[in-house]
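Visitor: I would like to learn how to read the features of a model like this one. Please give the general idea each time, then the case at hand.

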Amino acid sequence: MKLLNEKIDRMHFVRLGYDSYSESYIAHQTDGANDWYYKISEELYYIFDKDRGKYLEQIEKLSLIHISEPTRH
């Protein structure tokens, strides 16, 4: 998936950006074998640069909600 204005968190294997196809901000996380895509708020996208602690809290919460698996809550 091509993300516009991509931001990369190499420590947590996450990249953030805007997907023009879905018109959504997306977080893409990988462990090398699996990929997960999360729809995120515009606020979370911008928090990445401003408040790394808050960003990490939100990314950790996302790991329970995969948009590729809509039946999980």
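Guide: Start with accessibility: a residue is buried under 20% relative accessible area, exposed over 50% and partly exposed in between, with a 1.4 Å probe and protein chains only. The model is predicted, so local features need pLDDT of at least 70 and side-chain atom pairs count only at pLDDT 80 or more, while totals for chains, interfaces and linings use all residues. Residues are numbered from 1 along each chain as its sequence is written, and side-chain values use heavy atoms, with hydrogens and water left out.

Visitor: What share of the 73 residues do buried residues make up?

Guide: Buried residues make up 34% of them.

Visitor: What share of the contacts with a separation of 6 or more comes from residues 24 or more positions apart?

Guide: A contact means heavy atoms within 4.5 Å. Here the share is 31%.

Visitor: Which residues of the largest nonpolar core touch the most other members?

Guide: A nonpolar core is a set of buried Ala, Val, Leu, Ile, Met, Phe, Trp, Tyr and Cys residues joined through side-chain atoms within 4.5 Å. The largest one has 14 residues, and Leu-16, Ala-27, Ile-40, Tyr-55 and Ile-59 touch the most other members. The elements that give two or more residues to this core are strands S2 (14–19), S3 (24–30) and S4 (35–40), with helices H1 (42–50) and H2 (52–62). The largest share, 4 residues, comes from H1. Leaving aside neighbours within four places in sequence, Leu-16 has contacts that include Leu-3, Ile-26, Ala-27, Ile-40, Phe-48, Tyr-55 and Ile-59.

Visitor: How many aromatic pairs does the count come to?

Guide: A pair of aromatic rings is described by the distance of the centres and the angle of the planes. Rings of Phe, Tyr and Trp (its six-membered ring) pair if their centres lie within 6.5 Å; planes under 30 degrees apart are stacked, over 60 edge-to-face, and the rest tilted. The count comes to 5 aromatic pairs. Phe-48 and Tyr-55 form an edge-to-face pair, with 4.9 Å centre to centre and 90° between the planes. Phe-48 is buried at 5% relative accessibility, and Tyr-55 is buried at 0%. Ring pairs also link Tyr-18, Tyr-25, Tyr-45 and Tyr-46 into a cluster.

Visitor: Which ring does the charged end of Arg-52 sit over?

Guide: A charge sits over a ring if NZ of Lys or CZ of Arg is within 6 Å of the ring centre and within 35 degrees of the ring normal. The charged end of Arg-52 sits over the ring of Phe-48, at 4.1 Å from its centre. Lys-7 lies over the face of Tyr-45, 4.1 Å from the ring centre.

Visitor: How many salt bridges does the count come to?

Guide: A salt bridge is a side-chain nitrogen of Lys or Arg within 4 Å of a carboxyl oxygen of Asp or Glu. The count comes to 3. Asp-49 forms one with Lys-7, the closest N and O atoms being 2.6 Å apart. Asp-49 lies in helix H1 and Lys-7 in strand S1, so the pair ties together parts that are 42 residues apart in sequence. Asp-49 is exposed at 54%, whereas Lys-7 is buried at 13%.

Visitor: Which residue does Arg-15 meet in a salt bridge?

Guide: Arg-15 meets Glu-6, at 2.3 Å from N to O. Arg-15 is buried at 16% relative accessibility, and Glu-6 is partly exposed at 36%. Lys-54 and Glu-43 also meet in a salt bridge, at 3.9 Å. Glu-43 counts as exposed because its relative accessibility is 52%.

Visitor: Which backbone oxygen does the side chain of Lys-7 reach?

Guide: A polar contact is a pair of N or O atoms within 3.5 Å; within protein, one must be able to donate a hydrogen and the other to accept it, and residues adjacent in sequence count only if both atoms are side-chain atoms. The side chain of Lys-7 reaches the backbone oxygen of Tyr-45 at 3.3 Å. Another polar contact, of 2.9 Å, joins the side chains of Tyr-38 and Gln-29. Tyr-38 is found in strand S4 and is buried at 3%.
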